[in-house]
Amino acid sequence: MELIKKYFPNLTKQQLDQFAALEELYRQWNAQINVISRQDIDSLYEKHILHSLGIAKVIQFVPGTEILDVGTGGGFPGIPLAILFPLADFHLVDSIGKKIKVVTEVSSALGLTNVRAEQARVEHLNTTYDFVVSRAVTRLQPFLGWVRYKILKAGNNKLRNGVLYLKGGDLAEELAEIRDKYQVYELSDYFDESFFETKKVIYIPK
């Protein structure tokens, strides 16, 4: 929790309370439905929550922004971002129903009114959004194929509408596969912890 305060010092009391509640909620639900590896649950704030919030170092979503989180798993990056941006709307989808149950229960316990969770495959969604976010669900090329027509052209944020993709490692080969313009943000520029040395946000504008 101290990591969150360190990098996001201007949180409201409600946001601090919501971030503080995440550990107990995820420990409780992870004991029933495994959405986070056992070794990672002890590093929840660094490897899952702060990692998710890396997107917030790239963009500050304006009120009314519509965001789709594809392959959300246990709610990452969607739930931490929804806490940070209570006036933006988040649609969290995953094809696995038990993971969506965890997302629903956690967001309900936190009182998040800007989160909608749904068991669905992104290819079957008929809705459009300002931004699509995700955390390394697959290689970028097929992912962009899934979401290309889910993104609205018009937008009110400082960045043009598009994809914000969290991924780590050497991405040269993967980025060479895509024809889209992109920008790479190194999370090590924002966070000091060694975990973030190879972690990135890939931004692909619409």
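**Figure 1. Gly 169 in the loop between strand S5 and helix H8 of the predicted model**.
Gly 169 is placed in the loop that links strand S5 (162–168) to helix H8 (172–176), where helices (H or I, at least four residues) and strands (E, at least two) are DSSP runs numbered from the N terminus. Because its relative accessibility is 27%, Gly 169 counts as partly exposed, a class that lies between buried, under 20% relative accessible area, and exposed, over 50% (1.4 Å probe, protein chains only). When neighbours within four places in sequence are left aside, Gly 169 is in contact with Thr 198 and Lys 200, contact being defined as heavy atoms within 4.5 Å. Gly 155, although 14 residues from Gly 169 in sequence, is 30 Å from Gly 169 in space, C-alpha to C-alpha.

**Figure 2. Strand S1 and its pairing with strand S2**.
Strand S1 (residues 66–70) is mostly covered, with 4 of its 5 residues buried. S1 pairs with strand S2 (residues 89–94) in the parallel sense over 5 bridges, two strands being counted as paired if DSSP finds at least two bridges between them. Within this pairing, Asp 69 stands opposite Leu 92 in S2. From S1 the chain passes through helix H5 (residues 78–84) to S2 in a right-handed β-α-β crossover; right-handed here denotes that, with the strands pointing away from the viewer, the path from the first strand over the helix to the second runs clockwise.

**Figure 3. Strand S1 alongside strand S4**.
S1 and strand S4 (residues 131–135) run parallel and are joined by 4 bridges.

Along its principal axes the C-alpha trace spans about 45 × 35 × 30 Å. Among contacts in the chain with a separation of 6 or more, 70% come from residues 24 or more positions apart.

**Notes.** Residues are numbered from 1 along each chain as its sequence is written, and side-chain values use heavy atoms, with hydrogens and water left out. In this predicted model, local features need pLDDT of at least 70 and side-chain atom pairs count only at pLDDT 80 or more, whereas totals for chains, interfaces and linings use all residues.
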